[in-house]
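The sequence and the structure are shown first, and the description follows.

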Amino acid sequence: MDTLDRSRATTTTTTTWAEMPLLQRVVLQYEVEQFLYAEAALLDARRYRDWLNLVADDIEYWMPIRRTVTNSDLDREFTKPGEIAFFDDDRAYLEMRVKKLEAGSAWSEDPPSRSRHFVNNVRILDVAGDEITLEACFHLYRSRLEADTDSWIGRRVDVLRRAGDSFRLVKRHLFLDHTVIHSTNFSTIF
Amino acid sequence: MADGAQSGHAWDRVEIQSLFDPATGWLDRRVLSDEALYQLELERIFARGWNFMCHESQLKEPGEYLVSYIGEDQVIVVRGEDGKVNALLNTCRHRGNALCRAEQGRAKSFICSYHGWNYALDGRLIGVPGQKTFYHDDLDRSRLGLARVRLESYLGFYFATLAEDAPSLHDYLGATGRTGIGMVCAHGEVEVVEGIQKNVIDCNWKIAVDNLFDWYHVPYSHASANTAGFIEIARIQHPRNQMVMLGEYGHAIGGPGIPREAQDEIDRMSDEERAMASRAAPQTAPRIRPRSATDLMGQAGVRSEGHPNIFPNLWITISGNQICLRLPRGPSHTELWWFTLVPKGAPPEAKREMVRRLSHVFGPAGLLEQDDGENWSQSTRAARGVASRKLGQTLQMGLGHDRVVTSEAGEHYVEGLISEHGQRWLYRAWTEWMAAPDWADLKANHSLPPTGVI
C-alpha cells in the first residue's frame, strides 16, 4: 500500500511518462482506466449531472467533421479548430446539453435511449505536471425505441487533470470513423 | 426499397392532382411513403428543377471539386483550368463507374479506377489506355466525354438542372427565390466555412422541407432548448407577426416579419446608424439590414425574418448563415447537408464565435435539431401503415383568413398569425410538378402566386 501511495504521489510531480518506472506506470494506467470506466458508467446510467461534476471548468469538448478524401488530401480529412464541428463545446455548452436532457421536454430522449459507452485501447501518451494525456478507442452503442440502433466508433484524445483522489476531464477530442452520419441525431454525450 | 409500402402503381395526372386539396389543406399521406411516387419525384422534381450544388467560395482554385447530388444522380462540380465552374455526371462513359470517390478534393483530371479512362476538368475524354491497339483507333473520344450538366449561378450560389428546357435560374428563382438567396448576402459577401455536416434521417424529404415553414412547432418541439437557456422562444417566434411570401414554382418564405413601422424607422437610418444600432441591439430585436439589402431582398422581402425554401429542397435559415439541403434517399430516408456561411473577411475572433454559436443550432448534435429529426422520422413511419396512410393530413391552419398583398415589385405575401400557407403552397406546387409530364406543361399549368383571400 505504501508503495502505491508513493507512486501516486510522484505521478503528480515532474516525472514524465517515458521516465516513469514500470510500477508507477501500471498504477497510473489502472487509475486512469478506472476513472474512464466510472465516467462511462455514469453516462450509461443517464446520470448526466454527476458526469458534469467530473468535467473541468476549462473543458474543451470537440468532435470535428470527418470527410471522405483521397490519399493525397488526407490533411483535409478532419475539419480544424474554428471550422465546423459536430461538437464544439465549452463547459457552458455542456451544461446546456445536460439541462436540456433534464428539462422534461427533450422529446428526442423521451423515451430515453439505451446507451453503452465502451472505452478500450487506452494508451497514456504524456504526463505533464498534474495533467495526463491519453488516447483511447471508443464505441458508443445506442438503442432507441423499438428498433433504432446506432454505433459510433472512433478514436479520442482525452486530457485528465488530477483532482484529489480522482480526475477532472479537461479535454476530449473525438475523431469519428464515420463521414456521413447515419443517425437521426446525436442526442447524447460521448 | 422495402419500406416504400405501396410500390409499382402507375400514377396518372388526375390521381396525382387528387393527392393534395388546396381548398381544404387535405394531404394524402401516400405522398410520404409511396415508392412509385418517389421514383416520379426523382424524374419530375429533382431532375427537372434547379438543385443547389455549392457556393463559389468552396471552389477557389482550378481543379478543386466536390461531389453533390441531383436527386440520386451524383454530380461533380469542379473549377476548370479556365476558372469556370463545370458540372459533370460522376459516371464513366465506359462502364458507368464513379470517377470521384471522395466527397471533395483537388484533381488535375479525373481518371477512372476501372480501366484508366481519363477526363479533363471540363469533361472531355483525353485518354483511353489501348486506344490504338485494342480499340484499333476507332473509338470516337469526342462523343464520350462526361455528361455535362447545366449549371448557373446567382450571387455566387451554383445550381444545376438535368433539364435543357428549364427556365434560366434567374427566372426559376423569381422574386421569392431571389429574396431567399439575397437574405444570405444581405450584410455583404459571404463564404462557406470548411465542414459540411451530413446525416441521414429516416423521414420523407418533404417532411423535412415543410417543417421549415412551420413556426407552430417551435415552442413545443424545442421547449427543452428554451429551458436549457439556449434560445428564448417567446422572443423569437412572434406568432402574431408572421409573414409568408409565396413565389412561382413552389418557392416560399415563412416566419416572423418585421412590422412595417419598425422597418420604416430602419429605412430612415444611414448605413452607419444601422451598423451602430445593429451592434447595440439584442439578438432578439428586428434585424437591421443595410440599405443595399432592399435591392437583394425586395421592398417587402427585406422585412422577412422567416425561412426561405428554394423549391424543392434548399432551406435557408432565418439567420441567413446556414443553409441546408434535404437530399432524397428513398421514400423514407433523407440526407441533410448543413452549410455554414460567414461574412467574407470577418475578423477571426468574430468568425470563431459565430461558427461556435451556429454549430450548436442545427446539425445532428444541434440543440434545436436533435428534436426535429425524431418528429420527422416518426411522422413518416407512423403514417405509412395500411390504415394510417388512409387518414390524410390536415394542413388547414389560417386557410381563408389572410389576404395576399402584392408589392409594386411583384412580391406576393400575407401578414398575420402563424399559419400553414407555406406548407399548402409547397404541396400545391408538388402536385403541379408531379402532374406535368414536361417543362412546357409545367410552365403552362403551374400556379402563379395567389391574390385575394387565401
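## Sheet of chain A

In chain A, an open sheet of mixed pairing is built from six strands in the order 2-1-6-5-4-3. Strands pair if DSSP finds at least two bridges between them. Helices (H or I, at least four residues) and strands (E, at least two) are DSSP runs numbered from the N terminus. Strand 2 and strand 3 (114-128) of chain A each have a single partner strand and stand at the edges, so one side of each lacks a neighbour in the sheet. From one strand to the next, the twist averages 20°.

The model is predicted: local features need pLDDT of at least 70 and side-chain atom pairs count only at pLDDT 80 or more, while totals for chains, interfaces and linings use all residues. Residues are numbered from 1 along each chain as its sequence is written, and chains are lettered from A and ligands numbered from 1 in the order in which they are written.

Strand 1 (residues 55-64) of chain A pairs with strand 2 of chain A in the antiparallel sense over four bridges. Within strand 2 of chain A, Asp89(A) stands opposite Tyr61(A). Helix 4 of chain A packs on the sheet and touches strand 1 and strand 2 of chain A, its direction making about 80° with that of strand 1 of chain A. Such angles run from 0 to 180 degrees between N-to-C directions, with axes fitted to C-alpha atoms, for helices over the stretch in contact.

## Contact between the chains

In total, 32 residues of chain A are in contact with 39 residues of chain B; contact requires C-beta atoms, placed from the backbone, within 7 Å. Strand 2 (85-89) and helix 4 (91-102) of chain A each supply at least two residues of the side of chain A that touches chain B.

Asp88(A) lies in strand 2 of chain A. Beyond its neighbours within four places in sequence, Asp88(A) is in contact with Trp62(A), Arg356(B) and Ser359(B). Asp88(A) is buried, with 24 other C-beta atoms within 10 Å. A residue is buried if 20 or more other C-beta atoms lie within 10 Å of its own, exposed if 12 or fewer, and partly exposed in between.

| Strands of chain B | Bridges |
|---|---|
| Strand 4 (residues 64-70) and strand 5 | six bridges |
| Strand 5 and strand 6 (residues 85-89) | five bridges |

Val75(B) in strand 5 of chain B is the bridge partner of Ser68(B), and Ile76(B) stands opposite Leu88(B) in strand 6 of chain B. Strand 4 and strand 5 of chain B form a hairpin with two residues between them, where Gly71(B) in the turn has a positive phi of about 60°. The hairpin of strand 5 and strand 6 of chain B has five residues between the strands, and Gly83(B) takes a positive phi near 90° there.

The largest nonpolar core has 144 residues, and Met53(B), Val75(B), Ile76(B) and Val77(B) have the most contacts inside it. A nonpolar core is a set of buried Ala, Val, Leu, Ile, Met, Phe, Trp, Tyr and Cys residues joined through C-beta atoms within 7 Å. Helix 13 (residues 421-435) of chain B contributes the largest share of this core, eight residues.

Conventions
Two residues are in contact if their C-beta atoms, placed from the backbone, lie within 7 Å.
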